[in-house]
Amino acid sequence: MPIATRAFAATAADAPLAPYGFNRRDPGPDDVAIEIKFCGVCHSDLHVVKNDLGGTRYPIVPGHEIAGVVAAVGANVTRFKAGDRVGVGCMVDSCRTCAACLEGEEQYCAPGMTQTYGSADPKGAEVGQTITQGGYSDRITVDQNYVLRIPDSLPLDAAAPLLCAGITTYSPLKEWGVGPGSKVAVIGLGGLGHMAVKLAHAMGAEVTVLSTSDRKKADAERMGAKHFLINSDKAAMKAAGETFDLIINTVSATHEIASHVNLLARDGTMVMLGLTTEGLPVYAMPLLWRRRRIAGSLIGGIRETQEMLNFCAEHGLACDIEVIAPDQINEAYARMEKSDVRYRFVIDMGRLDRAA
Ligand code: NAP
Ligand code: ZN
């Protein structure tokens, strides 16, 4: 029996998201059927809806920060049972045989992971689906290997954005060995940025936020930042030169990065997380003169995502959220475009009725 699913979908790049119905597959032997309670709103959702990255196929149901409760499981599923609190992030499958998958870095799967929304959906044929559809919906069916356990101490609404914003910032902080004594800067205090601040602080780093205005200064300090710089303040930027071991760049739009490279200490790295599609000019001299690096990082693997959720539970960390009803999503997108996010919108899927 297909699972009737209610959702919010975009039908074109310039059309507002609107109520949409479709079918999910009934759980197969390895599947977990989930009742979605909350879904975070990532800036990537907006990029895909607006077709910023090209290739969006409509209608599209965005959402890859999914928190909910298990409704049913297939015969081979032993790790989850009905009623468990679970999450789903940016991927729902991968080839499982390439070197990346075998190393638990499924996000770098050589033939390509199956993204939670917008990917070809080989398992959707039985219910007439050709592409995967995401978490702005009340139901999802996912292979057990791509389902995360949400620790009991984390509220489902504030945990939902950890499934993308949390892991996307946790992974580079771990990869670049952040710990006590590290000096970390975070550019952009949005959904990703605010979790980068909290996580780096919890790992023992001294954290600096670089923001476009002073509007978020008090919040940054509350989250654990010791310093706060406005990135158009040339004198402050100069004074902070050669300081940071790691810069987490979360800016969601084309921006100037050359001046930020000068903030890196010798051997420092700037990790690009934002999905900016235009080239960002950098100059060789500031890089080679201090052996600096510019790198990228994409979400994180399933094992590391569970590790991040457990780390957040141990340290009492979750996201700062503004819970909205599904029919407020277009307004939330408009605010996100103005960087007016404190610090993640989370859709309450229990309020889908309001939109019917
Ligand atoms: P967000 O909540 O909208 O935050 C982005 C922040 O960037 C804004 O709050 C703002 O911070 C700053 N910003 C925006 N426009 C700017 C501009 N023109 N110049 C300078 N700063 C600007 O977005 P998010 O959800 O955190 O996502 C950030 C980016 O990461 C997006 O491009 C998203 O698609 C991407 N992403 C990548 C991955 C990955 O795996 N690599 C995963 C998830 C998301 P201030 O107000 O502090 O200036
Ligand atoms: Zn995301």
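1. Starting with the metal: the donor residues of the zinc ion (ligand 2) follow the spacing C-x21-H-x99-C in sequence. They are Cys42 (SG), His64 (NE2) and Cys164 (SG), at 2.0 to 2.2 Å. Donors here are N, O and S atoms within 2.8 Å of the metal (3.2 Å for Na, K and Ca), and water is not among the atoms, so sites may look incomplete.

2. Keep in mind that this is a predicted model, where local features need pLDDT of at least 70, side-chain atom pairs count only at pLDDT 80 or more, and totals for chains, interfaces and linings use all residues. Residues are numbered from 1 along each chain as its sequence is written, chains are lettered from A and ligands numbered from 1 in the order written, and side-chain values use heavy atoms, with hydrogens and water left out.

3. Histidine 64 counts as buried because its relative accessibility is 9%, and cysteine 164 counts as buried at 4%. Buried means under 20% relative accessible area, exposed over 50%, partly exposed in between (1.4 Å probe, protein chains only).

4. Now ligand 1: 27 residues surround it, and the closest are His43, Ser211, Thr212, Lys216 and Arg344 (a residue counts if one of its heavy atoms lies within 4 Å). The shell splits into 11 nonpolar, 14 polar and 2 charged residues; Ala, Val, Leu, Ile, Met, Phe, Trp, Tyr, Cys and Pro count as nonpolar, Asp, Glu, Lys and Arg as charged, and the others, Gly among them, as polar.
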